[in-house]
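Here is a short briefing on one protein. Please look over the sequence and the structure before reading on.

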Amino acid sequence: EGYQEEQFVTDGTDREYIPHFTWHGFRYFRVDADIQATVSKDRDFVHTQTVVIKDISLCGLLIMTSGLFDLADYSWIKIDVDGIPMVMEFRMIRTFEEKGAITKKYGCQMIAANDREADKLCKFIFNLQRKAIKNNVF
């Protein structure tokens, strides 16, 4: 009870993936961020774009960029986690456009990380949360 089934929504020309959410809307809590990261469609990061991570959780993130992505695109993101680059695969699942804005925001779903990567990401998120609490940002 309180759960939504995973599904694809389509209008016949485009599709949007709607992940399985808990009753409050997200699988894990989100923490606001303002972190520069690098995105690439290939794991080798030959062609890259700089993005800003606006919020992050263990299952996803919100990025802001002036670049364009297609919904359902799979990409890789490189984040500096305590001085060590962490590379994760993700998928664009929704867009947020503000009228007249130069940049666009994308809601992204993380693709399954191994336990070690998930622990590293969780520690990073907790550190962001501690800094926010310390600075009275919450």
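The points below go from the overall fold to single residues.

This is a predicted model, in which local features need pLDDT of at least 70, side-chain atom pairs count only at pLDDT 80 or more, and totals for chains, interfaces and linings use all residues. Residues are numbered from 1 along each chain as its sequence is written, and side-chain values use heavy atoms, with hydrogens and water left out.

**Fold**

- The protein has eight strands and one helix.
- Along the sequence, the order reads β-β-β-β-β-β-β-β-α.
- Helices (H or I, at least four residues) and strands (E, at least two) are DSSP runs, numbered from the N terminus.

**Burial, surface and contacts**

- The protein has 138 residues, and 36% of them count as buried.
- Buried means under 20% relative accessible area, exposed means over 50%, and partly exposed lies in between (1.4 Å probe, protein chains only).
- The accessible surface is about 9,100 Å². Carbon and sulfur atoms hold 49% of that surface.
- Areas come from the Shrake-Rupley method with a 1.4 Å probe; for residues, only the protein chains shown count as cover.
- Among contacts (heavy atoms within 4.5 Å) with a separation of 6 or more, 45% join residues 24 or more positions apart.

**Aromatic rings**

- A pair of aromatic rings is described by the distance of the centres and the angle of the planes.
- Rings of Phe, Tyr and Trp (its six-membered ring) pair if their centres lie within 6.5 Å; planes under 30 degrees apart count as stacked, over 60 as edge-to-face and the rest as tilted.
- The count comes to one aromatic pair. Phe 69 and Tyr 106 form this edge-to-face pair, at 5.2 Å centre to centre and 90° between the planes.
- The pair links distant parts of the chain, 37 residues apart. Phe 69 sits in the loop between strand 5 (60-65) and strand 6 (74-81), and Tyr 106 in strand 8 (residues 104-110).
- Both Phe 69 and Tyr 106 are buried.
- Lys 78 lies over the face of Phe 45, 4.5 Å from the ring centre. The rule asks for NZ of Lys or CZ of Arg within 6 Å of the ring centre and within 35 degrees of the ring normal.

- Lys 104 is in strand 8. Its relative accessible area is 18%, so Lys 104 counts as buried.
- Beyond its neighbours within four places in sequence, Lys 104 is in contact with Ile 63, Met 64, Thr 65, Leu 68, Thr 95, Phe 96 and Glu 97.
- Ala 112 is in the loop between strand 8 and helix 1 (115-134). Ala 112 is exposed because its relative accessible area is 80%.
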